[in-house]
Amino acid sequence: MTAPARRHAALLAGVAGAMLVALDGTVLLVAQPSLQRDLGASVTQVQWTSTGYLLAVASLLVIAGRLGDRYGHPRLLLIGVLGFGAASAGIALASGVGWVIGLRVAQGVFGALLQPATLALLRLTYPADRLGVPVAIRTSAIGVAAGAGPILGGVLVSSFGWRAVFWVNAPIALAIAGLTLAVRPPTPEQTGSRRLDFTGAALLATTLAVMVHTLAGVAADGWTTAPTLLGLAAVTALATVLVSHELRTAHPIVPHAVARSTPVIASMAILLVTSAGLFGALFTATFYLQDVLRLGPFDSGLRVLPLTALMVLGAPLAGSALRRYGPRRSAIAGTGLVVAGIAGLSRLGPGSTWLAMGAVFAVLGAGFATVMVTATGTVVGDAPPGYAGVVGGLKQTAMNIGPTLGIAIAAGATRTPAAAHSAIGTVLLILAALTALGLLPAALLPSTPGPPSKTAETRPPQREPSAAPHRTHAKNGPARPPGTPHVR
């Protein structure tokens, strides 16, 4: 296969894999009420069909990226997408909600395997100075999939029942597997041992799982209750042990070459706080539209639709801005737009026109598309040689933890109707302030246009030290409206 054909196949496989995950997340929201009635499940059990998946995928993304760097990203993508499709088919055949929850956890495991590989394939097949276009295409495709998910889910559930939304994943997964087999990317130079530190992997997975579970429970428990405080204390203790272990081990889960990369770490921080601000704001806006303005889910979705549209249309423009103005100015502009959009939401009231609401959501979409394209392009482009997978895993982890944190902040302050009505503006301003923190790491990104990884590409690979000889969904909260992007 020629180099251009290989790039096209890698782009198609990567985009399709990312769309599969984004589509699955939004389609499921529409299917859950029907699933609950058909299987006689409780509200808690239905929530665990989402929470179980989120715990599995968030805790394993970095480890999956590390495995891809060691054993090949096409192999991990192939295993991940086939397992994801098989688990989906199993859910479609499930006879009880227990099987659905268990298979959703399995689906999360396979989703963690495939997600970093979709980014790593782009890094392996495209030159660093040409990554902007495929990253922008991938971002637009995710927006399309997330926006189309509720519509497709509604059609499938109303025509064929909830099981159809899982059956549809199987043929898509097979098609992606066929594309993956056609990609033969260059094999990156191995910069360290193939050994995986199982202690570090277990510590990282446990820390992230406890963090996500604690944040997901804030909506029901609040920030000051015993379950939340104990969970946060456990996260702090586990994180301390993890950092201590990573500093001492010869084979850390996050390699030293990645941890020392300022553009990579800065991009992670930007993605974390902007996704927290965006999804926290969307959670709050959904409550406002449905419980204060008394709009139905469809009408609420129409108000939010400009956000999805600007994410899709803005991604290619953001790619052009990245090439022309460089990562620093693009990230600062994108973060500023997200901050302005969230602050603008806090100024809306019952008398606000549809045009004013649409304009605010459009600003949010344009800003987040710019942040996504800039940070993703920088992360993938600046990945040290041989570590594209672990960097992709870190990026996906930030995109899972951020929304969970933002929703926890929003839901924790709006747990009761009385508090919610008075706190909406304040919560949105808090989320805008949180997002504004992203301006600090944005200022650390490279200022000049061009491949951010130029220095990493030209310097000799840094080897890891040799081994020593012995060595959520918020409970009872409003559903995300149609058209809201579910970015992965």
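Modeller: The mean pLDDT of the chain is 82, and 87% of its residues reach 70 or more; pLDDT is the predictor's confidence in each residue, from 0 to 100. This is a predicted model, in which local features need pLDDT of at least 70 and side-chain atom pairs count only at pLDDT 80 or more, while totals for chains, interfaces and linings use all residues. Residues are numbered from 1 along each chain as its sequence is written, and side-chain values use heavy atoms, with hydrogens and water left out.

Biologist: Where in the chain is confidence lowest, and where is it highest?

Modeller: Confidence is lowest in helix α19 (residues 454-458), with a mean of 37, and highest in helix α18 (residues 439-442), at 96. Over residues 451-487 the pLDDT is below 50, and this stretch has 101 contacts in the model beyond near neighbours in sequence. Contact means heavy atoms within 4.5 Å. The helices are DSSP runs (H or I, at least four residues), as strands are (E, at least two), numbered from the N terminus.

Biologist: Why is the pair D24 and R104 called a salt bridge?

Modeller: The definition asks for a side-chain nitrogen of Lys or Arg within 4 Å of a carboxyl oxygen of Asp or Glu. The closest N and O atoms of D24 and R104 are 2.9 Å apart, so the pair qualifies. D24 lies in helix α1 (residues 3-39) and R104 in helix α4 (residues 97-125), so the pair ties together parts that are 80 residues apart in sequence.

Biologist: How do you know whether D24 and R104 are buried or exposed?

Modeller: Buried means under 20% relative accessible area, exposed over 50%, and partly exposed in between (1.4 Å probe, protein chains only). D24 has 4% and R104 has 3%, so both count as buried.

Biologist: How many salt bridges does a search of the whole structure find?

Modeller: The search finds 2. R163 and D38 also meet in a salt bridge, at 3.6 Å from N to O. R163 lies in the loop between α5 (132-160) and α6 (164-167) and D38 in helix α1, so this pair ties together parts that are 125 residues apart in sequence. R163, at 25% relative accessibility, is partly exposed, as is D38 at 47%.

Biologist: What makes α12 largely enclosed by the rest of the structure?

Modeller: Of the 31 residues of α12, 25 are buried, so the helix is largely enclosed.

Biologist: How do you know that the length of α12 agrees with expectation?

Modeller: The expected span of a helix is 1.5 Å times one less than its number of residues. Helix α12 (residues 262-292) should therefore span 45 Å, and its end C-alpha atoms are 44 Å apart, which agrees. Helix α3 (residues 73-92) reaches 28 Å from its first C-alpha to its last, close to the 28 Å expected. α3 is mostly covered, with 14 of its 20 residues buried.
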